[in-house]
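Please keep the sequence and the model at hand while reading.

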Amino acid sequence: ESPAAMPAFRQVGEKQLPQEVVFMAWSPKRDLIALANRAGEVLLHRLANFQRVWSLPPNENTGKEVTALAWRPDGKILAFGLTDTKRIILCDVEKPESLHSFSVDSSITYMQWMEVTEESSVLTSFYNAEDESNLLLPKLPALPKNYSTTAKIFSEEKSDEIMKLLGDVRLNALVLGGSSGFIEIYAYGMFKIATVTGVAGSCRGLCLSSDLKSLSVITEIQDSPDSEAEITYFQLDTSLLSSYLPEVTRMARKFTHISTLLQYIKLSLTCMCEAWEEILMQMDSRLTKFVQEKNTTTSVQDEFMQLLLWGKASLELQALLMNQLTVKGLKKLGQSIESSYSSIQKLVISHLQSGSEALLYHLSELKGMALWKQKYESLGLDASGIEEAITAVGSFILKANELLQVIDSSMKNFKAFFRWLYVAMLRMSEDHVLPELNKMTQKDITFVADFLTEHFNEAPELYNRKGKYFNVERVGQYLKDEDDDLVSPPNIEGNQWFNFLKNSTHLKESPLLFPYYPEKSLHFVKRQMEGVIDQCLQKPADVIGKSVHQAVCMALYKTSQSEDSSPQLFKLPFLWNDKTSNIHYVLFTILENSVSKIHILRRPTDTSRSISNGILAVEFGNFLTNSINESSEARCYSCLDAHFYDDETVTVVLKESVEQEEKERVLAQLPLSSVYADEDQDREFIWDSTKRLDEQCGEVPTHTVFLENQWRVLENMKAQYVSVNGIRKVSCVLSSNLRHVRVFEMDVEDDGEVEEEEEEETT
C-alpha cells in the first residue's frame with residue numbers, strides 16, 4: 001500500500017498578531033516579508049517562525065495610515081505610502097530608518113516597483129560607464145552620525161545610508177496609483193518621470209510591463225456614494241518610454257544622482273546646525289540684559305573701550321563680568337566657540353563643497369544631454385531650465401564660501417577678544433597674571449578695538465526684530481532657518497571686486513557670473529536652489545505623461561457592498577506581467593450562482609498586438625474526498641484570493657461551497673498550462689463592449705481544472721488572503737480576521753522527506 005500522501009507545502013511558521021494586518025509584501029531577494037497594520041506600523045518579519053526583525057512605529061511627521069507597500073527590485077529598500085500625510089517613505093531594509101521621502105498630491109492606494117529587463121548594447125555600455133562620475137568626482141565623505149554636545153565633537157560613527165538610495169544602475173520604476181485617477185511613475189524611486197492622466201476612478205492595482213510598452217491599471221469608479229463601484233481595467237500605451245529606453249535611463253539616472261545629492265546637502269546642513277550651539281548666543285543675551293538693567297548713560301561699547309584703554313571698568317561692567325560671565329564661564333564660552341566653529345568649518349569644506357560641486361557636474365552633464373535635441377527633446381529635457389539650476393547651485397557655493405570667511409574672521413576676533421578679556425578679569429579678581437599672558441602689542445589692542453567698534457554697537461532695530469541689542473555671534477544667522485535675511489550681512493564697502501562689477505555694464509548680465517545675495521542666509525539660498533532644481537525636474541514628467549494614452553478600457557464587474565469590510569489592499573483584481581512572453585495578466589473573481597469563479601484576462605504588453613483566449617474562467621473539479629461524505633455530488637469551490645506565484649503558476653485560496661457547516665479552506669497551486677492546455681479556438685469569447693463583463697459572464701469559456709497534488713487543506717484557520725513570492729518559493733496566508741498568519745515553503749512537502757528517502761533505499 002502506498003503511504004498516506006503528505007500535505008503539500010511545508011508550514012514554517014504561524015503567528016497570531018496583536019494588530020490587524022492591512023498589507024503584506026515578500027522581499028524579492030530574501031526570505032523577509034513586510035507588513036503594514038491598522039495601527040500604522042510597518043513591520044519586517046523573517047520566514048523562519050515568522051520572527052520579527054524590526055518595526056517602524058507611526059510617526060507624527062511622516063504619517064499614521066499606511067496604505068501601500070513595495071520593495072525595490074534589489075530588496076534593499078522598502079517603499080510605503082501614507083494616506084493621511086500623502087507622503088512616500090523609502091526605508092532602509094537593514095534598519096527602520098527613512099532614507100528619503102517625498103509628498104504626492106493624492107492619497108496613494110497602490111504601488112508597484114518594477115525593473116526593466118530589456119537588454120541592448122547601448123544600455124549595457126551605459127551600465128558599465130555609470131562609474132565615470134566616480135572617476136571624476138571626489139568620493140563624498142560619509143555624514144557624521146550625531147553631534148555630542150557634551151564632548152563637542154561628532155561621533156566617529158559615520159552614515160553612508162544616502163548612497164543606498166542610488167541602488168543599482170539598471171532602470172527600475174516605482175509606480176504610484178491613488179484616488180481620482182492619480183498615477184505617477186518615479187524612476188529609481190526618486191525622480192518623477194511621468195504624471196499620467198486620463199484614467200478615471202480610484203486605483204486598485206497597477207502593473208508597468210518590464211518592456212515599458214504599456215501600463216495596466218485597475219480602478220474602481222463610483223458614480224455616487226451609495227451606488228456600487230465599478231471595477232474597470234485600463235491598458236495605457238507608454239511606448240515613448242520603451243522607444244527611448246536608453247535616453248530615459250540616462251536622464252533618470254542623472255536626476256537620481258541630483259536628488260541624492262540634494263538630500264546629502266540637506267543632511268550636511270542639519271549636521272552644521274547641530275554643531276552650532278545655543279551657548280554661543282550667551283554673549284549677546286548677557287550684554288542685552290546688561291543694557292536693560294544698567295542706569296548709566298555710557299554705551300556698552302564705551303564701557304569696554306574704557307576697560308581696554310585705561311584698564312579700569314565701571315562697577316556695573318565689573319559686576320557683569322565677574323558675577324554673571326565669570327572667569328570659568330568665559331573659558332567655557334571660548335572653548336565652545338572654537339570647537340563648534342571648527343566643526344562647522346570642516347563640514348562646509350568636506351561635505352557642502354564636495355556635494356555642491358558634484359551637483360554642478362551632474363547638472364552640466366544634463367545640460368549637455370538637453371542640447372542633444374533629437375534624443376532628449378521629446379522627453380521634455382529643457383536646457384534653459386537646467387542653466388538656471390546651475391546658476392542657483394553656483395550661488396549656493398558662493399554663499400558657503402562666504403560662511404567660511406565669516407567663520408575664519410570670527411574665530412580670529414573672538415580669540416583675541418577673549419584673551420584680552422581673560423587677563424582683564426584676572427586683574428579685577430586680583431589673581432596672579434602669568435607674564436606671557438600679559439604681553440599685548442599695539443597691534444593686538446587695535447585689533448580688539450576694531451572688534452569692539454564693529455560688534456558691540458547697540459542696535460535698537462535689532463531689538464525689535466530679535467529681542468536683543470547685539471549680534472556679536474555672526475555664524476548662527478547663516479544656519480538658522482527662521483530668517484531669510486542676515487541680521488548683520490558681511491561688509492562689502494570698499495571691496496574692489498564689487499565696485500568693479502557695479503561699474504561694468506557688460507558683466508552685470510553675464511551668464512558666467514553666479515549671482516550673489518549678500519543679504520541672504522545660507523538656508524535661503526539652499527531653498528532657492530532646491531526650488532529651481534525641482535522646476536527643471538518637473539518638465540519631463542509632464543511631457544512624458546502627456547504621451548501616455550489609453551489603448552484599452554474594459555468594465556469588469558460591480559463590487560458587492562458586503563466585502564467592503566475587508567481592507568482595500570488585499571482585494572482582487574491582481575495584476576501580473578509575464579516578462580518572457582510580454583503579457584499582462586489580470587486575475588479577478590465574478591460571483592456566479594453564489595460561487596465566486598476566478599477569471600483570467602490577458603493582454604499583450606504591445607498594445608498593437610492581439611492574443612487568443614483573451615479571457616477565461618476557471619472551475620475546480622472535485623479534489624477533496626471526505627470519508628464521511630463519499631457521495632459523488634459535485635462540489636464547488638469559491639475562490640477567495642489569487643496571486644501569481646511565477647509566470648507559470650497562480651496560487652489560490654479556495655473555500656468549499658457546500659451546504660455543510662464546516663467549510664474547508666484550501667491553499668492550492670494552479671498551473672497555467674492546465675488552463676491554457678487545449679487551445680479551444682472555436683470557443684473564443686466575443687466581448688460586447690457595451691456591457692460589463694459580469695453581465696455576459698455566461699458566455700466566457702470555462703475550463704475545469706483538477707488539482708493533482710499541489711494543494712493543502714488549511715486546518716483551523718479561516719484563510720482569506722495570500723501573498724506569495726515564486727522567486728523565494730514562499731507564501732503567507734492571512735485569516736479573514738486579519739490577525740492569524742501562516743507561512744509556507746511551497747516547493748517542499750511537509751515532513752514527508754525522511755520517510756521517502758528510506759523507502760527509495762529499500763526499493
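Strand 18 and strand 19 (residues 214–221) run antiparallel and are paired over six bridges. Strands here are DSSP runs of E with at least two residues, helices are runs of H or I with at least four residues, and both are numbered from the N terminus. Two strands count as paired if DSSP finds at least two bridges between them. Within this pair, Gly 205 is opposite Ile 218 of strand 19. The two strands belong to an open sheet of four strands in the order 18-19-20-21, with antiparallel pairing. Strand 18 (202–208) and strand 21 (549–558) each have a single partner strand, so one side of each has no neighbour in the sheet. On average, neighbouring strands of this sheet are turned by 15 degrees against each other, direction ignored. For such angles, axes are lines fitted to C-alpha atoms (for helices over the stretch in contact), and angles between N-to-C directions run from 0 to 180 degrees.

The model is predicted; local features need pLDDT of at least 70 and side-chain atom pairs count only at pLDDT 80 or more, while totals for chains, interfaces and linings use all residues. Residues are numbered from 1 along each chain as its sequence is written, and side-chain values use heavy atoms, with hydrogens and water left out.

**The chain as a whole**

The secondary structure of the chain comes to 20 helices and 33 strands. Of the 763 residues in the chain, 53% are buried. Buried means under 20% relative accessible area, exposed means over 50%, and partly exposed lies in between (1.4 Å probe, protein chains only). Among contacts between residues at least 6 apart in sequence, 65% join residues at least 24 apart; a contact means heavy atoms within 4.5 Å.

| Strand pair | Sense | Bridges | Residues between them in the hairpin |
|---|---|---|---|
| Strand 2 and strand 3 (residues 32–37) | antiparallel | five bridges | five residues |
| Strand 3 and strand 4 (residues 42–46) | antiparallel | five bridges | four residues |

On the strand 4 side, Ala 36 has Val 42 as its bridge partner. Gly 40, in the turn between strand 3 and strand 4, has a positive phi of about 90 degrees.

Helix 13 (residues 442–455) has 14 residues and reaches 20 Å from its first C-alpha to its last, close to the 20 Å expected at 1.5 Å a residue. The expected span is 1.5 Å times one less than the number of residues. Its buried residues are Val 448, Ala 449, Phe 451, Leu 452 and His 455. They cover an arc of only 160 degrees around the axis, which puts them on the same side of helix 13; the arc is that of the directions from the helix axis to the C-beta atoms. The exposed residues Gln 442 and Lys 443 are on the face of helix 13 turned away from its buried side. The buried residues of helix 13 pack against helix 7 (300–310) and helix 11 (383–428).

In soluble globular proteins, nonpolar side chains tend to be buried together. The largest nonpolar core here has 141 residues, and Phe 304 and Phe 417 have the most contacts inside it. Helix 11 supplies the largest share of this core, 22 residues. A nonpolar core is a set of buried Ala, Val, Leu, Ile, Met, Phe, Trp, Tyr and Cys residues joined through side-chain atoms within 4.5 Å. Leaving aside neighbours within four places in sequence, Phe 417 is in contact with Met 283, Phe 304, Val 448, Phe 451, Leu 452 and Phe 456. Phe 456 is in the loop between helix 13 and helix 14 (460–466) and counts as buried at 1% relative accessibility. Its C-alpha atom is separated by 9.2 Å from that of Ser 299, 157 residues apart along the chain.
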